[in-house]
Amino acid sequence: MSTANHSVSGTQPGTDDDGPAFGVYLHWPFCLSKCPYCDFNSHVRREQIDEARWVRAFTAEIASTAARLSGRVVSTIFFGGGTPSLMQPQTVAAVIEAIARHWPIAPDAEITLEANPTSVEAERFRGYRAAGVNRVSLGVQAVDDRALAALGRTHSAREALDAVGVARAVFDRYSFDLIYARPEQTPEQWSRELRAGLLEAGEHVSLYQLTIEPETPFAALHAAGKLHPPDENTARIFYDVTQEICAAHGLPAYEISNHARPGGECRHNLVYWRAHEYAGIGPGAHGRLDIAGDRHATATEKRPEPWLARVEKEGHGLVTDEVLTTAEHADEFLLMGLRLAEGIDPTRYTQIAGRPLEPDRIAMLRQHDLIEMTPAGRMRVTLSGFPLLDSVVADLAA
Ligand SMILES: C[S@@+](CC[C@H](N)C(=O)[O-])C[C@H]1O[C@@H](n2cnc3c(N)ncnc32)[C@H](O)[C@@H]1O
Ligand code: SF4
């Protein structure tokens, strides 16, 4: 496939020359029900969640993380889940205040909260805005009631789009997620659904191909021959029509599954993909911290109640704190950066790896039209290379 119609690179959301950024991710691990395709760290609890207790634990973990990371200015905060839109607005406000007590929050910081698109949750949007949230990301998943039921969702398409309407009225910035390449779905049906969905889009959408995650109810159905997701060739058609429709709508992909108008990219996710620094707070949260010249990979206890108990006893929930080797750090930089349409800066790779990328391997991948160099000297994966991203990275890796 020619790279002339490289719609994935239709936008250049700046470059990572925009300087270091520091993000804070906070995980809320509870949902009202568990969707059968989902393997996120999300749990259903019958009893009421004691939010004041959770705020104390988040506050303690923020303090212990900040003690290791002084002098940072927060550029992004992301409340992810689970279902953070089950949190009371005052809980969200208390967490943002706790962050601000330890690190200054930049005046233009992006503060995102993931929300399920139900009417009950949309009623809290104004409270979140008053708490400091300035962007929401809604899990619409499908614009089709039968598909929503098959995905185990508790909302209708109408209710989800109404919640998008409330988000648009309350926040300057919003995004929503759709899942495609679903069992029984055809590329033609998806094209219609996507076009209808995009009528409600603002500056950003996330479009995920359904993955059958191990140990989910969908994996069991799939193993039993009762769920038929599209084969690889059809999945490729789904991917290609998604790129075309979004690009034509002014929302080109800036990352494999993420589309934005130029300037509308999710700055928090760019922190991950550009391999900047982020702190992970809450159960199962991951962090990457640059301390005394070392890149630390951190992770907290995943299970909610044991995380709470650990934080109450020790002041933090950390179970992993490893210093990455130079090769691990360099590989991670490639793996994350090559997901982006803007690609990577080879000079930054050299700084991290202590040596440049192998010219022979670059030449081989360019010959196969899997990577290309931009006029600004960045290296990126071509549209034909994207479905083979893992092997492209493996070829380049240290
Ligand atoms: C942490 S989840 C969800 C946010 C929120 N709880 C919701 O469901 O609306 C983030 C997104 O991951 C996507 N996702 C989860 N499991 C997936 C799967 N197996 N395949 C594709 N996308 C998935 C969904 O689009 C979901 O909105
Ligand atoms: S998709 Fe969202 S609501 Fe469903 S289980 Fe996963 S995190 Fe919870």
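This is a short tour of a predicted model, stop by stop. Residues are numbered from 1 along each chain as its sequence is written, and ligands are numbered from 1 in the order in which they are written. Local features need pLDDT of at least 70 and side-chain atom pairs 80 or more, with side-chain values taken on heavy atoms.

Select Trp54 and Phe58. Their rings form a tilted aromatic pair, 5.7 Å centre to centre with 55° between the planes (ring centres of Phe, Tyr or Trp, its six-membered ring, within 6.5 Å; under 30 degrees is stacked, over 60 edge-to-face, the rest tilted). Both sit in helix H1 (residues 51-68), 4 residues apart (helices are DSSP runs of H or I, at least four residues; strands are runs of E, at least two). Trp54 is buried at 4% relative accessibility, and Phe58 is buried at 0% (buried is under 20%, exposed over 50%, partly exposed in between, with a 1.4 Å probe and protein chains only).

Asp321 is partly exposed at 36%, as is Arg68 at 32%.

Then go to Arg173 and Glu203, another salt bridge, at 2.6 Å. Both residues are buried.

Last, show Arg182 and Glu193, whose salt bridge is 2.8 Å, N to O. Arg182 is in the loop between E5 and H7, Glu193 in helix H7.

Note on methods
A salt bridge is a side-chain nitrogen of Lys or Arg within 4 Å of a carboxyl oxygen of Asp or Glu.
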